[in-house]
Amino acid sequence: MAESSNINHNNGVKEDQMTIQKEKDSSEGTLPDSKPLLFNTKVPAGLITPEFDIACLTVEELREEMNKRRLNAIGSKNQLCERLSEAIQNGETPPQRFTTPVVKKKRPHTRKEPVPEDFSSYEEFLNVWNRWREARDNNNKSVKRSRDAQRKRRQEHEANCKIREAENEKMEEELRAIKSRIQLLVNAVAKPSKISSEDAQEIRKILLEQHEKQTSKSQGSSQTEKSQKS
């Protein structure tokens, strides 16, 4: 009886251990008998895959990746990134990169002046030095043209700013004069008994100006009507 109880106890412990192991495997995203997943579900779609950064690829590289995976390579960069990421996450295509990254070569440094010690003959040095000097002169000329054009644009911009400032000051003065006239007319209508002689002269001046504007406007309209009739 004691032996049977020990066997049952050991079997129960083994079953508990297997249950714990299954729960652990399921929590980690893989079962003991299942195949390994091709993607990481924690990776955001359209940004980074477990193998390479999709967002850093150029449009040409993305289209080459899509063509090699036999996926639709038509669309903008955002559409291609989302399409490729969804295909990898759905297990339709492997996560590793199919294309080789293109390493951009650095531009050779050509500003260093050649020296005779680097050449086998003086003629070779002179030929290289003349080409270097010509390139430097052309570069200096282009820099000078660029600086002159920039200086000219800056001067034109400053001149335009000064003209606009003068126009703004003139418009502000006109606006202040119009506001003072409006206030004068309002006071004359509200309290005519308290108007001074200077204010009365200013009101007459305003009325005369308005009358002259109206008469000139009416004369101009009559002349245009006569010209249209004739």
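This is a short tour of the model, one selection at a time.

Before you click on anything: the model is predicted, so local features need pLDDT of at least 70 and side-chain atom pairs count only at pLDDT 80 or more, while totals for chains, interfaces and linings use all residues. Residues are numbered from 1 along each chain as its sequence is written, and side-chain values use heavy atoms, with hydrogens and water left out.

**Whole chain.** Show it as a cartoon and you get 5 helices and 0 strands, in the order α-α-α-α-α along the sequence. Helices (H or I, at least four residues) and strands (E, at least two) are DSSP runs numbered from the N terminus. Of the 230 residues, 13% are buried; buried means under 20% relative accessible area, exposed over 50%, and partly exposed in between, with a 1.4 Å probe and protein chains only. Switch to a surface: the accessible area is about 19700 Å², and carbon and sulfur atoms own 51% of that (Shrake-Rupley method, 1.4 Å probe; for residues, only the protein chains shown count as cover).

**Select 59-68.** This is H2, and its buried residues are Glu61, Leu62, Glu65 and Met66. Look down the axis of H2: these residues sit within an arc of 135°, so they line one face of the helix. The arc is taken from the directions from the helix axis to the C-beta atoms. An α-helix has 3.6 residues a turn, so residues three or four places apart point the same way. Glu60 and Asn67 are exposed on the face of H2 turned away from its buried side.

Arg70 lies in the loop between H2 and H3. What is the phi of Arg70? It is positive, about 60°, although Arg70 is not a glycine. Most residues other than glycine have a negative phi. Arg70 is also exposed, at 80% relative accessible area.

**Select 122-190.** Here is H4. Its 69 residues should span 102 Å at 1.5 Å a residue, and the end C-alpha atoms are 100 Å apart, which agrees; the expected span is 1.5 Å times one less than the number of residues. Phe125, Trp132, Leu184 and Ala188 are buried in H4.

Finish on Ile178, Ile182 and Val186, which make a nonpolar surface patch of about 270 Å². Patch residues have over 30% relative accessible area and no salt bridge; like charges are joined within 9 Å, and nonpolar side chains (Val, Leu, Ile, Met, Phe, Trp, Tyr) within 5 Å. A salt bridge is a side-chain nitrogen of Lys or Arg within 4 Å of a carboxyl oxygen of Asp or Glu. Ile178 is partly exposed, at 49% relative accessibility.
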